[in-house]
Amino acid sequence: SRALLQAMAARFLVTRAPLPATLDVFFAMLPKEEASRPMIAAETVIHTAGIDYSSFQAVVTLLAKPELGYVVKVDDAMYSLRVDKLLEDFRRTAAEGIVAERFGSLGRRIFNLLITKKHLDQKQVAAMAMVNAKATKEILYKLWEDGFVKMQEVPMQSDFKPKNSVFLWSVNLDDVRQKIIEMITQAVGNILLRLDEEQVKMESLTEGARGGVAERPPPAADDDAAMEDEGAEGKVDGDAAAAAAVATGKEKAITKQKKKVEVLRATLLRLDKTLLIFKETTFP
């Protein structure tokens, strides 16, 4: 849990609090154990982080701003780190990125709007997002089909007819979190299958390179025979050049295959970390 929080802070927190001592203060305020430690003394943070008081004050003042709210000042000497708020914001930012990848900047704008405003009808979404009605409707229904937004029918009359109802759109971040967990889990499974396939290809290429290099035959012992067989020797030289070219081609193929495997492993590691952050519920 600690390692994941540190990785998350390195990627996310510094973009919101771009001060040199931000990560030092954050790591110093993290609980040492799984049990929650809601408060920590300023002196302890300063000593652990190895910074001066002014740097500490600059960081905690920034992190305590209402738009962030990651640090709560208990009194002049005691502070509390809100890991839950940091985790919540990180998850939201990750969700926004996934929405942007799937539905573009307009999808992200509408998604964020519904998170902020809670419940809006289609006309309100179009007006606030400054998008025409047709595009708004298309994006809303795509988001709804993929489980990123919810639609609720609110009857305006007792007959419950759709024409007399208002349809309100909203975002339930808990549902989005579960959706993302499912998506990442499926992606991890697909990458594992692909990684197995690429590793088999890698092993095949490596074995082929080991066993496919032909050795040049030794020269003839009899000088006269060697002179009479100049044509045969030229053929051997040609065969050696061809073998070298084949070996070079195999080396390039192996290098290319290695890069494929490395990219898949790096992607798998990134997805695993993101999945743990979305699934983890026991952060200190």
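Biologist: Which residues in α5 meet which residues in α7?

Modeller: Keep in mind that this is a predicted model. From α5 you have V99, F103, L106, G107, I110 and L114, and they meet A135, T136, I139, L140, K142 and L143 in α7. By class, that contact has 9 nonpolar, 2 polar and 1 charged residues.

Biologist: What about α6 and α7, at what angle do they pack?

Modeller: About 110 degrees, with the axes 9 Å apart. Since 65 to 115 is the range for roughly perpendicular, that makes α6 roughly perpendicular to α7. Their crossing is right-handed.

Biologist: Which residues make the α6 and α7 contact?

Modeller: Q122, V125 and A126 in α6 meet A133, T136, K137 and L140 in α7.

Biologist: Why is α2 called oblique to α3?

Modeller: Helix α2 (residues 22-29) and helix α3 (residues 42-49) pack at about 120 degrees, their axes 9 Å apart. Roughly perpendicular stops at 115 and roughly antiparallel needs over 145, so α2 ends up oblique to α3.

Biologist: Is that crossing left-handed or right-handed?

Modeller: Right-handed, as α2 passes α3. In that contact D24, V25, A28 and M29 in α2 meet V45, T48 and A49 in α3. Sorted by class, you get 5 nonpolar, 1 polar and 1 charged.

Biologist: Moving on to the largest pocket, how much space lies in it?

Modeller: About 430 Å³. There are 18 lining residues, and I98, E101, R270, L271 and T274 are the closest to the centre.

Biologist: How do you know which residues line it?

Modeller: The test is having an atom within 4 Å of a pocket point. The elements giving two or more residues are α5 (83-117), α8 (173-211) and α10 (230-279), and α5 supplies the largest share, 7 residues.

Biologist: How do the lining residues divide by class?

Modeller: Into 9 nonpolar, 5 polar and 4 charged. Of the residues closest to the centre, E101 and R270 go in the charged class, because Glu and Arg count as charged.

Key
Residues numbered from 1 in each chain as written. Predicted model: local features only at pLDDT ≥ 70, side-chain atom pairs only at ≥ 80, totals over all residues. Heavy atoms only, no water. 1 Å grid on protein atoms, 1.4 Å probe; cavity = no way out; pocket = protein on both sides within 12 Å on 5 of 7 lines; lining within 4 Å. Points joined across faces, edges and corners; volume = space filled by probe spheres on them. Helix = DSSP H or I, 4+ residues; strand = E, 2+ residues; numbered from the N terminus. Axes fitted to C-alpha atoms, helices over the stretch in contact; angles between N-to-C directions. Parallel < 35°, antiparallel > 145°, perpendicular 65-115°, else oblique. Left-handed = near helix turned anticlockwise from the far one by under 90°. Contact = heavy atoms within 4.5 Å.
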